[in-house]
Amino acid sequence: MTVDDTGSDTAGGRVDGQDADPGEDPLALRLEQLILGAERRYTPFQAARSAGVSMELASRFWRAMGFADIGQAKALTEADVLALRRLAGLVEAGLLSEAMAVQVARSTGQTTARLAEWQIDSFLEGLTEPPEPGMTRTEVTYPLIELLLPELEEFIVYVWRRQLAAATGRVVQAADDEEMVDRRLAVCFADLVGFTRLTRRMEEEELGELVEAFETTAADLVAANGGRLVKTLGDEVLYAADDAGVAAEIALRLIETMAHDETMPELRVGMAFGTVTTRMGDVFGSTVNLASRLTSIAPRDAVLVDAAFAQELIRTGDAPASEAEAAEAAAAAEKEGEEPPVYRFALQPMWQRPVRGLGVVEPWLLTRRAAPA
C-alpha cells in the first residue's frame with residue numbers, strides 16, 4: 001500500500017466497526033479479517049514506527065508490493081508490521097541490499113497479485129454460485145473461504161518451495177558467478193496465428209476458453225519436457241531452457257499437439273540461443289529480442305531458429321550440419337561396423353533477411369529428422 005510521508009495519525013476505518021468507513025461492505029471487511037488473520041490496528045505511520053523503519057522505506061516497500069494508496073487510514077494489521085520488520089531486518093543483517101529488498105517486494109507482489117486475481121476470477125467465482133435457490137453469494141462465500149484458505153495456503157507454500165529448489169539448482173550449476181545472472185539459454189516464443197481476427201469473430205467466453213486451452217497445453221508441454229515457462233501473453237507464450245535440444249523438442253511438440261486440435265489456430269515459433277539476462281523471473285536481452293522477431297516471420301506451423309541455436313544443435317549432436325554430412329557419417333560408421341549417428345532434428349538454412357533493430361539474420365527452419373529407412 002502506498003502511503004504519504006506526513007506522519008499523520010488520523011484514523012480511517014476499523015474492521016470491528018470502531019471508526020469504520022460507512023461506505024465499506026461489511027462482508028468485505030469480514031472476509032479481509034478472515035484472510036489476513038488479524039484486525040486493522042495501524043495507520044501506515046504507526047505500522048512503520050512499530051516495525052522500527054522509516055516512513056520512506058515503508059512507503060517504498062508498500063509501493064513495490066503494488067497496493068493502493070490508503071493515506072493515513074487505520075487499515076494495517078500486525079502482519080503488515082511483521083512483514084516490514086522482516087524485510088528491514090534482512091537489510092540490516094546485510095543479507096539483502098535495500099534495492100534488492102524492494103525488488104523482492106515487487107516481484108512477490110506482482111506474482112501473487114496475478115495468482116490472487118486468477119483464483120478469484122476463475123476459481124472462487126464459480127464455486128461461490130449459490131447452490132440452492134434463495135441463498136445469497138454472501139451466505140456461501142465466507143464459509144467457503146474459511147474452509148479453502150488453509151489448504152490453499154499450504155499448497156502455495158509447497159509449490160513455491162519446489163520452484164525455489166528447482167531454480168536454486170539451476171543457478172548453482174552455473175559455470176561462474178557471471179553466468180548466474182547472464183546465462184546462455186535457449187529462448188522461445190510460440191504465437192497463435194490470426195489471433196487478432198479471432199477476437200473480432202469469437203464471443204468473449206469462447207475466446208477465454210481458447211486462450212486457457214492454449215496456455216494450459218503450452219505450460220504442460222514445457223514443464224513435462226524440462227523447460228521453464230517464463231510468461232504467457234494471451235496468444236503467445238515465452239519459455240526458456242538450458243539445453244537447445246530440450247527447447248527444440250518442446251517447440252515441435254507444441255506444433256504437433258496444436259495441429260491435432262481442430263479448435264486451435266495455427267502456431268508459429270521462433271527460437272534463439274545465447275546470453276540472456278534474468279530479472280524477477282523474466283528474461284531480457286538481444287537473444288530474447290531475436291527470438292521474438294523470428295516468431296513474427298516464421299511460416300505457419302513452423303519453427304525458425306537463429307544461427308547460434310542451429311550451431312548449438314550441431315555441436316551437441318542433435319542435428320547434422322547438412323544431409324550430406326549425415327550421409328557421410330552414416331557411410332563411415334557402416335564401414336567401421338558401427339552404429340550410425342542418430343539425429344533428432346533437421347536444419348534447413350533459409351534466406352537471409354534484415355530484422356528491425358537486429359540487422360541481417362539467417363534463420364534456419366527446424367524440423368524433425370525422418371528416421372533412416
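Let me start with a hairpin: strands β2 and β3 form it with three residues between them, and in the turn G234 has a positive phi of about 80°. Strands here, like helices, are DSSP runs numbered from the N terminus, with at least two residues of type E for a strand and at least four of type H or I for a helix. The two strands, β2 at residues 228-232 and β3 at residues 236-241, run antiparallel and are joined by four bridges, where pairing requires that DSSP finds at least two bridges between the strands. One of the partners can be named: R228 is bridged to A240 in β3.

Before going further, some ground rules. This is a predicted model, in which local features need pLDDT of at least 70 and side-chain atom pairs count only at pLDDT 80 or more, while totals for chains, interfaces and linings use all residues. Residues are numbered from 1 along each chain as its sequence is written, and side-chain values use heavy atoms, with hydrogens and water left out.

On confidence, pLDDT is the predictor's own score for each residue, from 0 to 100, and the protein chain averages 82, with 86% of the residues at 70 or above, that is, scoring at least 70. The mean is lowest in helix α7 (residues 177-181), at 51, and highest in strand β6 (residues 302-305), at 96. Over residues 1-20 the pLDDT is below 50, although beyond near neighbours in sequence this stretch has 62 contacts in the model, a contact being heavy atoms within 4.5 Å. Where pLDDT is low, the predicted coordinates should not be read in detail.

Now to the charged pairs. Taking a salt bridge as a side-chain nitrogen of Lys or Arg within 4 Å of a carboxyl oxygen of Asp or Glu, the count comes to 13. Returning to strand β2, K231 forms one with D282, the closest N and O atoms being 3.0 Å apart; this pair links distant parts of the chain, since D282 sits in strand β5 (residues 282-284), 51 residues from K231. K231 is partly exposed, at 28% relative accessibility, whereas D282 is buried, at 16%, with buried meaning under 20% relative accessible area, exposed over 50% and partly exposed in between (1.4 Å probe, protein chains only).

What does E249 pair with at 3.8 Å between the closest N and O atoms? The partner is R344, and because E249 lies in helix α10 (residues 244-259) and R344 in the loop between α13 (323-335) and β7 (345-349), the pair ties together parts that are 95 residues apart in sequence. E249 is buried at 10% relative accessibility, while R344 is partly exposed at 36%.

E249 also forms a salt bridge with R368, the closest N and O atoms being 2.8 Å apart, and that pair joins helix α10 to strand β10 (residues 364-368), 119 residues apart. Together, E249, R253, E256, D318, R344 and R368 are linked in a network of salt bridges.

R368 is partly exposed, with a relative accessible area of 33%, and, leaving aside neighbours within four places in sequence, its contacts include L252, F345 and A346. Its side chain makes a polar contact with the side chain of E256 at 2.6 Å, the term meaning a pair of N or O atoms within 3.5 Å where, within protein, one must be able to donate a hydrogen and the other to accept it, and residues adjacent in sequence count only if both atoms are side-chain atoms.
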